Amino acid sequence: MQPSLSHFLLLLLFPCALWAQEITLSGSVQSTDGEPIAYANVLLLRAQDSVLVQGNFSEENGRFRMDKLDAGSYLIQASYVGYLLGYSDVFTLADQDYSIPPVLLKEDRALLEEVLITSRKPTVERKADRLVFNVENSIVSSGSSWEILKRTPGVIVNQGQLQVRGQGVTIYINDRRVQLSQQELTTLLENYSGSNVQSIEVITNPPARYEAEGGPILNIITSRNLAIGYKGNLEAKSTYAVFPKYQLGTSHYFKTNTLNLYASYSFNSGKFNKEDNSNINFIRSNRVFSRWETDFRRITQTDAHNANLILDYAWNDRNTLSLTSTATFVPGETYDNTSFTEIRSAANVLDSTFRTRSDLNNDTRNLAADLQYVHKFKKEGAQLSLGGHYTDYTFDRLQNARTRYRNADGALLQQIQFSTDARQAIEIYTGQLDLVLPFGSTTIEAGAKASFIDSRSKIDFFDVENPNSALEAANSDDFLYDEEVYAGYVSFAGDWDKWSVKTGVRAEQTESVGNSLVLNEVNALDYLEWFPTAYVQYQAHENHSFAIDYGRRIDRPRYQDLNPFAYFLNENNFDIGNPGLQPAFSHNFNFNYTLNGSYFFDLYYRDNGRYISRLPFQDNNNLTLRTVKQNVLESTSYGLDFSHGRYVTSGWYSYVYASLFHEDETFIAVESGGAPFTNEIDAVFAQWYNALSFKSLPNFSAEFTLTYISQFLSGSYVHESTTNVTVGLRQTLWNERAVLTLASEDLLGQANGRLTSNYLNQDNSFIAIPETQFIRFGFQYNFGNFRLSDNQRAIERQERERLQSQ
């Protein structure tokens, strides 16, 4: 029988019918001991030529599924970090859904044993405008970001604050400024895993694209995203010092081809103890006539909530929209302050005593959000970004204080009691545009920014001893502060043979008004300033490199520093604001020499100008001590730094940093007839860091750090020498799914030193002892594909740093 037309059409359509069946394939990925492997990469390959047909990843239970497949012969390839590649047998898909036997992965023990030996060593790289500390895949990255920063060349920790060359640093993450309070910043960095960090950039003279305000920059560069999937973790920490403290947190990260989503929440609860001992020798007619010694103790109870959300949406390779938000809520934080003062004569005979009890209750709320759009042009490296930022910050404080005065026999002489009600509200709006245009070996950057700040601080003072008294206007205030900053910048960078050059200029127009409604004082500023920067690097030989750079910076007064109302520890000791503060400008010069790519010599000089300094002044007539911010007359810093790091053995990395430096500060001694006085020191700083790993214990690592500072300057105070010894241990479990840590600091109990101010008719000192001695235990459990790399970012914008409450 001859084939009909209908038979012929059926033969032509038969392959199409098979195509349209959309066969589904399912299976699982397991280890050789039968355990499911979650989030393994699963590839479907064509059997005849191994061409990739489709890809996916396994679920939490190890199962995977692929849909809409054609008939044919295939095999599965599966892979996961720490395992050898695994393959299925060749199978054929025909006309129905198909399930294959488990694909087995064998642990790559040779790779695991060699990880610590072959991992990348921490290296230091000199660029024209910054020093880069590369830590990715190194022993140093096993800790938190906070621990990495403390071990970065040139960084020291002073009273819990990170400093470089005597200046407080500004923290950036991926070129975005982190604008949190000091405590919030520490918490963020302690919970930001070092495994996400690629490098730390130390920028002592920030280029024109960065804000002109602030000190040196520590820019945390995170690793790039490598894979699609989900990961998360649960973490708990307990710290034991004078009082125990606890921290619970969780973070979750999900990535697809177009969407990145990161969310985290942490809760911190604990008591904090701080003890001070202070001495004041009041002087009249060039001799001590009264000696005051005070023992102070503060117990803080806090329960803090912190949440972060990051959402990136890229609808194609050239356009990305990002939302970053953070919320901090600290309700009912309490301070229990107790101080006891003995007043003695010059002959050390007890005259009288007084005891002050001050209770404070704080409520803090901090909400912030960033929205950014980035467009990448067709030319590689060229891009345009537009961003906006909003902050809503509120702070409320209630204080009750009572002081009882007694004579030498203990009889009550008098009692003074007062209360205050303080409130602060700040709103910040900013908008920013940045453009990057590469041209061969050169790059041009340009941008503009506008920021608007609206702040109101109000305090009401009540005399509790007088029940009929109303608000005391003399000790109350209502302070308004408005600031507008308009900025623009342009910079040029180029590389030619052995030379690297980068130069730029930033202009900032600042308009600010501070208005004390109660005192009827108005302080207005309106100024345009230019901030040039220049960097030149010369690679004379592969073993010899030279660099020189210059930058001008500004230090603006903080909102609280401008507010003229006083915060009382007691009626004899208080902090008071200074509405007459002016912005300070500095000039920074650096000369660098690098030998063999690992020995670094840095010679620097900094003219700090009329630096804003925190100065205490004892009033020898009224027997009070007030602390105030003041523009000094002049201030300079200079020094020579040396650093070098190397592997002593395959499992022992050692790093040494040493600095010889000079600091001086000339200010007006307002309680000494207005005479100028220069406070200066010559000092040494040294740090020795060691990271240890053991081939016989591949999941265990240890760290040891010794830090010594001979002395340093803090306004009119000279800080005596300190020594800090820290030890850290880290153990991973269950193929790095869980991490146990133990850290101990200030093992010798010498991390805190006395500060002394002794000049002309001023003679006072104090030592503050926070809980620097502690032991901390930590446990973190990772789930999902926890080896994915994050793109975490933090809220940026430089204005938020000035939200610090009293």
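Predicted model: local features only at pLDDT ≥ 70, side-chain atom pairs only at ≥ 80, totals over all residues.

1. Residues are numbered from 1 along each chain as its sequence is written, and side-chain values use heavy atoms, with hydrogens and water left out.

2. The chain has five helices and 48 strands, taken as DSSP runs numbered from the N terminus (helices H or I, at least four residues; strands E, at least two). Of its 806 residues, 50% are buried, where buried means under 20% relative accessible area, exposed over 50% and partly exposed in between, with a 1.4 Å probe and protein chains only. Among contacts (heavy atoms within 4.5 Å) with a separation of 6 or more, 65% are between residues 24 or more positions apart.

3. The largest nonpolar core has 33 residues, and those with the most contacts inside it include Leu149, Leu162, Leu218 and Tyr653; a core is a set of buried Ala, Val, Leu, Ile, Met, Phe, Trp, Tyr and Cys residues joined through side-chain atoms within 4.5 Å. Strand β40 (residues 675-694) gives the most to this core, with five residues. A second, separate core of 20 residues includes Ile23, Leu25, Ile37 and Tyr80.

4. Strand β22 provides the largest share, four residues, and Leu261, from strand β21 (residues 259-284), is partly exposed at 32% relative accessible area.

5. Asn308 is also found in strand β22, yet it counts as buried at 18% relative accessibility. Its side chain makes a polar contact with the side chain of Thr326 (2.9 Å), a polar contact being a pair of N or O atoms within 3.5 Å, where within protein one must be able to donate a hydrogen and the other to accept it, and residues adjacent in sequence count only if both atoms are side-chain atoms.

6. Val632 sits in the loop between β37 (624-631) and β38 (634-649) and is buried, with 0% relative accessibility. Not counting residues up to four places away in sequence, Val632 touches Gly609, Arg610, Tyr611, Ser613, Glu665, Thr666 and Phe667.

7. The whole structure holds 20 salt bridges, each defined by a side-chain nitrogen of Lys or Arg within 4 Å of a carboxyl oxygen of Asp or Glu. Glu508, buried at 1% relative accessible area, meets Arg506 (2.8 Å, N to O) and also Arg556 (2.6 Å, N to O). Arg556 lies in the loop between β31 (544-555) and α5 (559-562) and Glu508 in strand β29 (residues 499-516), so this pair ties together parts that are 48 residues apart in sequence. Through shared partners, salt bridges join Glu211, Glu213, Lys449, Arg506, Glu508 and Arg556 into one network.
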